[in-house]
Amino acid sequence: METTYRPAVRVICLDASDRVLLLHWRDPFDGALLWEPPGGGIDPGETPIEAARRELVEETGLDPAAIVDQSLAVERDVRWNGKRFVGPEPFFVARYAMDRPALTRAGLLPDEQQNLDTYAWIAVSELASLSDRLEPPELRAVIATLAPESPWADWAD
């Protein structure tokens with residue numbers, strides 16, 4: 001399996017009740033399912049915060065102004081579409097004043113339209129019950145670090 005580093009970012013979206021937004025993807029290579037926060041590649045000339053704002057709008061339609069310009073580098077080791085992606089990714093946090101803000105799929109690329117199964121706003125108590133792989137596996141601790149005032153800090157790994 002090819003191993004590569006792709007500069008990428010992720011956005012931890014928390015709603016008014018501190019639920020985290022996770023996207024449920026189907027790997028086009030082998031059909032494996034995984035949950036992960038919105039995000040994606042950093043385009044040439046783009047800063048990580050610019051990429052985070054663009055990716056958030058493309059994948060969810062949520063207001064990118066909610067992203068705080070402070071990140072946490074998270075080491076990633078993810079298999080997707082027959083490749084292994086390794087290396088650090090900046091994770092940002094965005095807070096929304098309402099419960100479960102509605103999302104739109106309008107900005108998704110054609111392959112993303114096909115591969116995005118669904119999304120869910122997940123409470124900290126529900127995270128362990130997800131039936132499919134979670135990326136990154138240490139998501140609870142990442143959220144606790146980015147949002148130490150949230151209930152996630154009480155449940156950190």
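R10 stands opposite F91 in β7. That pairing belongs to a parallel arrangement in which 5 bridges join β2 to β7. R10 also lies among the residues nearest the centre of the largest pocket. The model is predicted. Strand β7 links its main topics: strand pairing, the pocket lining and the packing of helix α3.

**Strand pairing around β7**

- β2 (8-14) and β7 run parallel, joined by 5 bridges.
- Strand β1, residues 2-4, also pairs with β7 in the parallel sense. This pairing spans 3 bridges.
- Within β7, R84 is the residue opposite T3.
- β6 meets β7 in the antiparallel sense, with 9 bridges between them.
- A73 stands opposite P90 in β7.
- V74 has E89 of β7 as its bridge partner.
- β6 and β7 form a hairpin with 2 residues between the strands. In this hairpin, N81 takes a positive phi near 55 degrees.

**The largest pocket**

- Its volume is about 540 Å³.
- The lining of the largest pocket holds 26 residues. R6, R10, E36, G40 and W80 lie nearest the centre.
- By class, the lining divides into 11 charged, 9 nonpolar and 6 polar residues.
- β7 (83-95) supplies at least two lining residues. Its share is the largest, at 5 residues.
- Other strands that each give at least two residues to the lining are β4 (33-36), β5 (39-41) and β6 (72-80).
- Helices α1 (48-60) and α2 (110-115) likewise supply at least two residues each.

**Helix α3**

- The buried residues are L139, R140, V142, I143, A144 and L146. Buried here means under 20% relative accessible area.
- These buried residues pack against five strands by name: β2, β3 (20-26), β6, β7 and β9 (133-134).

**How the parts connect**

- β6 and β7 pair with each other, and both pack against the buried residues of α3. Both also contribute to the lining of the largest pocket.
- β2 joins β7 through parallel bridges, and β2 is likewise among the strands that the buried residues of α3 pack against.

Terms used
Residues are numbered from 1 along each chain as its sequence is written. This is a predicted model: local features need pLDDT of at least 70, side-chain atom pairs count only at pLDDT 80 or more; totals for chains, interfaces and linings use all residues. Side-chain values use heavy atoms; hydrogens and water are left out. On a 1 Å grid over the protein atoms alone, a cavity is a set of points where a 1.4 Å probe fits but cannot get out, and a pocket is an open set with protein on both sides within 12 Å along at least five of seven lines; lining residues have an atom within 4 Å of a point. Grid points are joined across faces, edges and corners, and a volume is the space filled by probe spheres set on the points. Helices (H or I, at least four residues) and strands (E, at least two) are DSSP runs, numbered from the N terminus. Ala, Val, Leu, Ile, Met, Phe, Trp, Tyr, Cys and Pro count as nonpolar, Asp, Glu, Lys and Arg as charged, and the others, Gly among them, as polar. Buried means under 20% relative accessible area, exposed over 50%, partly exposed in between (1.4 Å probe, protein chains only). Contact means heavy atoms within 4.5 Å. Two strands pair if DSSP finds at least two bridges between them.
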